[in-house]
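Look at the model first, then read on.

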Amino acid sequence: MEFGKVLHGGDYNPEQWLDCPEVLQEDIELMKKARVNCVTLGVFSWAVLEPSEGEYRLGWLEEIIDRLYENGIYTVLATPTGGMPHWLTSRYPETMQVREDGGRNLPGRRHNFCYTSVKMREKTRQIDQKLAQMAGKHPGILMWHISNEMGGNFSDSACHCEQCQQAFREWLRERYGTLEALNKAWWTVFWSHVYTDWEQIHSPVPRGECLLHGLNLDWHRFVTHQMTDFLKWEIASVREYSALPATSNFMFFFKPLDYFKMQKELDVVSWDSYPAWHKRKDEVPVAVKAAAYHSMMRSMKKAPFMLMESVPSMVNWRENNPLKRPGMHMLSSMQAVAHGSNTVQYFQWRKGRGAFEKFHGAVLDHKNGENTRTFRDVAGVGERLEKLDTLIRQSCNQPKAAMIFDWENWWALEDSTGPRLDMDYQKVFLQHYRAFWEAGIDVDIISMDEELEGYRLVTAPLNYLYKKGYAKKVEQYVKNGGIYITTYWSGIVDETDLCFTGEHPLRKALGIRQEEIDAPSEEFSNCVVYQGKEYPAGRFCEVVYAETAKAAAVYEKDFYKGMPAISENHYGEGTVCYLAAEFGQELLNAFYGECLKQAGLENPLAAKLPYGVTVSERKGETNLIFLQNYNEKTVEVEGSGSYKEADTGREWQGRIEMEPFECKVLVKK
Ligand code: GLA
Ligand code: ZN
């Protein structure tokens, strides 16, 4: 998506000051000073846009959009379904969600709507169309921001009302055709829970059936399907009057919704990033997590994404909320750009005086106007983005390595009981991702449905569930020369969480035979020797037999001493590596270091990076190298070659000095 400039701005909620015109006047003046070129309007404006049912008041909004536009500031226009007005919820309670315990939510809070409710859809369509009639005519509006953080809600993000139950049953009927097929897929004969009527099926809830893994998995899929259906409904509603592109702001790896599926309905992916900076002195784990989220958002469309929200100072919803230390605002903003964002936007422009977010950071505080550190930080980012504007817009990351992250795998893996109860897909995934981050290698984060061709290396940690056709695709990829890495507890079940029988679907390519898996407690932890160095191995130790594979490391203890813990198998033109045990970061770094060498991948500086420093690259006519220092101290990076800083023109030869929390944007000379 190309907006003609890198966007800088954020959520703006002026309806809180309609009775204070001087505030709105000041906002525009200060936006210009902060180099804000775009705001998001209307995210929670329903009650002001439609104060009572059918009474529409859009004049104030249109006037603000006009005035912003006259001043060179564009609008991202939101549909207001994130917050529901009281006239709606009190007159039509069925528009609100029913929780797992069967109780209907009361009005208030937000993201509270039932995505199946016919009434909710009707009311949504009406307000969305009013907005679209206005937006369709307005040159100041860039795009649609559909609802807000869909599913970001009370408990499990799902609605369990009767309309949703019916929709679930219909969705299942479509998927399975017959009850017989469903019973088979869910293995319901176990514990005598064979369904004999579709009406007997109920969403998984704690006071009812919630131990049937196939049911749970399909419910997760249905929730994504139904929420996406609501998203489609809103997009279709505005499309009747406006051809503008649409997005909806995602959140991190948000377990309730499969973003890989939802994103297909969007023209551009956007998301809200709130890393927990300064939680510990070591910022690396937080930086790694944020980098992974950014990478996934880019990978969805293999195109630049939007950083729709970020906080210019502190949030208000963590146990303790540290201020961003000097340098961190710039670094954090540039990190998003480094991974493919073409925008830096905030929540929010001005702090409200009351209610839940009155102490949440904003560009403008309650006092002091532009005379704050936060304001200067924000203006600094705006200035830098202006300098880099064309270079950013002509480039995007093009990784040669990919990681598989898949929601269906996530749901199934963590829902199943055994061999441990504390399965944590995200944690393990991030450990593997961190090995790339520390090496300064960009990766795409893709689902099992994506093409693998074109990547030199693909890794799939904890890939428990195999979707139909996945094993075949991997086999082909490896035959054609790809390097594929996977771990213990992979290829265990099919799409309905039924265990594979016979052999591992990738047995030939892996060159091993999986037999048992040990989940030892800490005292029984094992270890391996890899390239002459000893490393711990624990939590999961799979007992596998090498068939055609060679062991690169073996267990050093216990009854499976001497059996392969890391194996490598040449298959076709490619290689498959198998990590049979859970390892710590140190071994993962060493192991992936080898794999990267084999794949012929090195970071754009061709340098070994000091701790806390990473690099990523946006490729284009001019390649941009984003060198980032997450240490609160000066460090030196040994780079081979000469570089110029794209925004300051400063030149570096061989050795690059990095200030605390600095991000340099380098171009190779
Ligand atoms: C989310 C929401 C915003 C705001 C911020 C606060 O991202 O979309 O409306 O509540 O959180 O951090
Ligand atoms: Zn419902």
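Q: With which residue does the side chain of Lys664 meet in a salt bridge?
A: This is a predicted model, in which local features need pLDDT of at least 70, side-chain atom pairs count only at pLDDT 80 or more, and totals for chains, interfaces and linings use all residues. Residues are numbered from 1 along each chain as written, chains are lettered from A and ligands numbered from 1 in written order, and side-chain values use heavy atoms, without hydrogens or water. A salt bridge needs a side-chain nitrogen of Lys or Arg within 4 Å of a carboxyl oxygen of Asp or Glu. At 3.3 Å, N to O, the partner of Lys664 is Glu645.

Q: Which strands does the pair of Lys664 and Glu645 link?
A: Helices (H or I, at least four residues) and strands (E, at least two) are DSSP runs, numbered from the N terminus. The two residues are 19 apart, and the pair links distant parts of the chain. Lys664 lies in strand S26 (residues 663-668) and Glu645 in strand S24 (residues 635-645).

Q: How many salt bridges does a search of the whole structure find?
A: One network links Arg175, Asp218, Arg221, Asp258, Lys261, Asp406, Glu408, Asp449 and Lys467. Glu199 and Arg169 also form a salt bridge, at 3.4 Å. For the whole structure, the search finds 47.

Q: What is the geometry of the site of the zinc ion (ligand 2)?
A: Donors are N, O and S atoms within 2.8 Å of the metal (3.2 Å for Na, K and Ca); water is not among the atoms, so sites may look incomplete. Here the SG atoms of Cys114, Cys159, Cys161 and Cys164 coordinate the zinc ion at 2.3 Å. Four donors count as tetrahedral if all angles lie between 85 and 135 degrees. With angles of 104 to 114 degrees, the site is tetrahedral.

Q: Which spacing do the donors of the zinc ion (ligand 2) follow along the chain?
A: Cys159 and Cys161, two of the donors, are buried. Along the chain, the donor spacing is C-x44-C-x1-C-x2-C.

Q: Where does Trp489 lie?
A: Most residues other than glycine have a negative phi. Trp489 has a positive phi, near 55 degrees. At 13% relative accessibility, Trp489 counts as buried. Trp489 is found in the loop between strand S14 (483-487) and helix H16 (507-510).

Q: What is omega for the cis peptide bond that joins Gly418 and Pro419?
A: Most peptide bonds are trans. Pro419 lies in the loop between helix H13 (407-415) and helix H14 (425-439). For the cis bond from Gly418 to Pro419, omega is about -5 degrees.

Technical notes
Four donors count as tetrahedral if all angles lie between 85 and 135 degrees; four count as square planar and six as octahedral if opposite donors are over 155 degrees apart and all others between 65 and 115; anything else is irregular. Buried means under 20% relative accessible area, exposed over 50%, partly exposed in between (1.4 Å probe, protein chains only).
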